[in-house]
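Please report on the salt bridges, the chain interface and the strand pairing of this model.

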There are 2 protein chains.
Amino acid sequence: MDKQDLISMGTAAQQAAKVLAQLDNAAKNRALNAMADALIAHVDDILAANAKDMTAAQAKASKFTDRLLLTPARIADMATGLRQVAGLADPTARADQAWRNEAGLLIIQQRVPLGVVGMIYEARPNVTVDAAGLTLKSGNAVILRGGREALASNQALARVLQAALQAVDLPAEAVQLISDPSHEIANEMMHLNGYIDVLIPRGGAGLIQTVVKNATVPVIETGAGNCHIYVDKAADLDMAIAITVNAKVQRPSVCNAAEKLLIHEEVAAAFLPKIAQALRDHGVELRGDAKAQAIVPEMLAATDADWDTEYNDLIMAVKVVASEAEAIAHINAHNTKHSEAIITDNYAASQQFLREIDAACVYVNASTRFTDGFEFGFGAEIGISTQKLHARGPMGLAQLTTIKYQILGDGQIRA
Amino acid sequence: MDKQDLISMGTAAQQAAKVLAQLDNAAKNRALNAMADALIAHVDDILAANAKDMTAAQAKASKFTDRLLLTPARIADMATGLRQVAGLADPTARADQAWRNEAGLLIIQQRVPLGVVGMIYEARPNVTVDAAGLTLKSGNAVILRGGREALASNQALARVLQAALQAVDLPAEAVQLISDPSHEIANEMMHLNGYIDVLIPRGGAGLIQTVVKNATVPVIETGAGNCHIYVDKAADLDMAIAITVNAKVQRPSVCNAAEKLLIHEEVAAAFLPKIAQALRDHGVELRGDAKAQAIVPEMLAATDADWDTEYNDLIMAVKVVASEAEAIAHINAHNTKHSEAIITDNYAASQQFLREIDAACVYVNASTRFTDGFEFGFGAEIGISTQKLHARGPMGLAQLTTIKYQILGDGQIRA
């Protein structure tokens, strides 16, 4: 592939997007259900392709094999996911607001699709199906660039989805996969201004930063989560233990898991031995600052690098702070603007934390693990934005749309 | 200046943004009124600095001298503008929505400032004051990089504004001006990820495309307007004349002025001679396709390049189309996604145009000149977005904000 091929894909995607933008909800749902049926009907083809990827990954002793593996149950889950998306409300079937201006024009702020969405992601083939379903439901075409390890799996999935689209008389180019996994082509994709309306990277911090630092196409930065729990001096300590354990160990590999524990010094002596025990019972390695080590000496020493590290693993760094202000300053200096929580029964402390923490999601007395499109009630999730432009926090279907002002007049001219 | 100086400015801007984000509306309005007072108090200093810029511009026979010129009246207008911004509602004083999720968490979608806004603009010194006022009211710090021609004027304005901020105990770094007008520093600014949350270019198409194609900081693309009027076969022709003349000649240099006129062939013979006469009476040069020239032979021939050109001048290209579908296809192929209008009394034609045209603002029976933050009732305008991400169409104070989810629990953990 070269840049010209990408431009051809972009042009075809734009043409497909024009068709998708005019579909009603029933037509989009027919397509989603046809895609789901087709996945089930072609499960053997998909598994055969996935077996090739798995063989290659095992030969290289890749650490991605679990993410890469497809099974009949995982494929059935993908199909179920598409049917669930069909059941959601059409995000383009509404106007945000409408008003008459001074000149008497009726200004309608109508939701419309973004156009062409680009996705750059790593080893999980389910992203191929998820992204295709969510972009189609929101009326967008999608150009997918998955990881090299999953290429055969993704090609099989894309073939099945495209055939399903054609079977319901929709353009196959609504869902296109880039079959060249080279960095050169990914880089060209990041500069496909005029063809891709938004680029969403999904994956590790390295991938996301590469896209953010190189792309000139508008990007939504997702995913990195160096999330903190701050246990205030007025915390209910039992609640603090339950929330900290949940946020750390319920699923440590994901971006909304907590990585850091800050404890007010007035409760550190009472709280730290208990939480250290509870976390160790779940296999968590603790790394503390000097004050934390003074209370729980068997803790490893945290280094400066720890405060900026997203472990995605059963590791947690612990810091004892002299005040809520110190906790807030530390969080704002080291967080990735994802999700932060305070545990407190003090009203003023809760309000200060909500007001001063700079992050997509700020919690009082709840686990950071709730930062999720499904938990928020969006019914879907294409990613979690850690930037401030366009979308912040969990992104569902609404975040894959933009607005168009439709303005109804009866001859108005400007004075 | 070098990159390190820019990083220092960015760091100071972030610190100032933290202060601004916590101000209430009264404190922000005190600052805006103090800035307005200071402009009036220092009018002589500002005029003296502007005289230096004007002398240099006249020596180079610059075409920018009118945009560059400051007068006591223009400085008074800037001050009035700041006081008007003070009178607007605080865009961060509201939550968009709030709901309880299944787990019982109260999720509040609170409006908050973006953080640090970067502006890159050309010769108009009033942008310095406008941008400072709008960003301050929305709780953002701003880093300004104006044109080389206006450097002395902008420096004087920034000094006055910074002193006014300090006089009301706010950080001067809330409004910073880059005093090095080199392209190298502008380019570094476009890559100041992590320090600038959004970059808004204001100016000609060349400047905007340079920023869009080079910046890795998130950009809001503004301004280019190759706007069309389509006169349908069911148009009220007198209304079509009034709207076309208004959209073309009321202020031809701005982005929401119409540049192209498309006419359904069934009304071309009746309409074209009349509108040609009306536009010529206002000094408009017409360039037509072959069908238009067949009706009004004294029209110049339009070239292929005309269809993609924003004249910003008293020039209009005219095309006769066989159908509304041809008009829509032509507009979507050549427009800059800014503002498009249909003149029709046919309901189905109006709905098709509203639905199928891809632009920020789509009008039925009104002039494209209404695409403007003030006309929309926003009370302010920082630019007109022609992109789809974050903001589309006229941008007021609300478009300088983002959201933060504030989530109130009572011990919830994720199952």
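B:Arg83 forms a salt bridge with B:Asp37, with the closest N and O atoms 3.0 Å apart. A salt bridge here is a side-chain nitrogen of Lys or Arg within 4 Å of a carboxyl oxygen of Asp or Glu. The pair links distant parts of the chain: B:Arg83 sits in helix α5 (residues 72-86) of chain B, B:Asp37 in helix α2 (residues 25-41) of chain B, and they are 46 residues apart. B:Arg83 counts as partly exposed at 35% relative accessibility. B:Asp37 also counts as partly exposed, at 42%. The cut-offs: buried means under 20% relative accessible area, exposed over 50%, partly exposed in between (1.4 Å probe, protein chains only). Helices (H or I, at least four residues) and strands (E, at least two) are DSSP runs, numbered from the N terminus.

This is a predicted model, in which local features need pLDDT of at least 70 and side-chain atom pairs count only at pLDDT 80 or more, while totals for chains, interfaces and linings use all residues. Residues are numbered from 1 along each chain as its sequence is written, chains are lettered from A and ligands numbered from 1 in the order in which they are written, and side-chain values use heavy atoms, with hydrogens and water left out.

**Salt bridges**

Over all chains, the structure holds 32 salt bridges.

| B:Arg83 | B:Asp37 | 3.0 Å |

B:Arg111 lies in strand β2 (residues 106-113) of chain B and B:Asp96 in strand β1 (residues 95-100) of chain B, so the pair ties together parts that are 15 residues apart in sequence. B:Asp96 is partly exposed, with a relative accessible area of 31%.

B:Lys388 is buried, at 13% relative accessible area. A:Asp197 counts as partly exposed, at 24%. Both belong to a network of salt bridges that links A:Asp197, B:Lys337, B:Asp358, B:Lys388 and B:Arg392.

**Interface of chains A and B**

How many residues of each chain are in contact with the other? Chain A gives 67 residues and chain B gives 67, where contact means heavy atoms within 4.5 Å. The two chains bury about 5400 Å² between them, 55% of it on carbon and sulfur atoms. In chain A, A:Leu389, A:Tyr405 and A:Arg414 lose the most area to chain B, together 15% of what that side buries. Buried area is the accessible area (1.4 Å probe) that two parts lose on being put together, summed over both.

The rule finds six salt bridges across the interface. It also finds 45 residue pairs in polar contact, both residues at pLDDT 80 or more. A polar contact is a pair of N or O atoms within 3.5 Å; within protein, one must be able to donate a hydrogen and the other to accept it, and residues adjacent in sequence count only if both atoms are side-chain atoms. On the side of chain A that touches chain B, β16(A) gives the most, with eleven residues.

**A sheet across the chains**

An open sheet of ten strands has the order β1(A)-β2(A)-β16(A)-β13(B)-β12(B)-β7(B)-β8(B)-β11(B)-β9(B)-β10(B), with mixed pairing. Its edge strands are β1 (95-100) of chain A and β10 (300-301) of chain B, each pairing on one side only. Two strands pair if DSSP finds at least two bridges between them. Five bridges join β16(A) to β13 (residues 361-366) of chain B, and these strands run parallel. There, A:Gln412 stands opposite B:Ala366. β2(A) and β16(A) pair in the antiparallel sense over eight bridges. A:Leu106 stands opposite A:Leu408 in β16(A).

A:Thr401 lies in strand β16 of chain A. Is A:Thr401 buried or exposed? A:Thr401 is buried, with a relative accessible area of 0%. The side chains of A:Thr401 and A:Arg111 are joined by a polar contact of 3.1 Å. The side chain of A:Thr401 also reaches the backbone oxygen of A:Ala398 at 2.6 Å.
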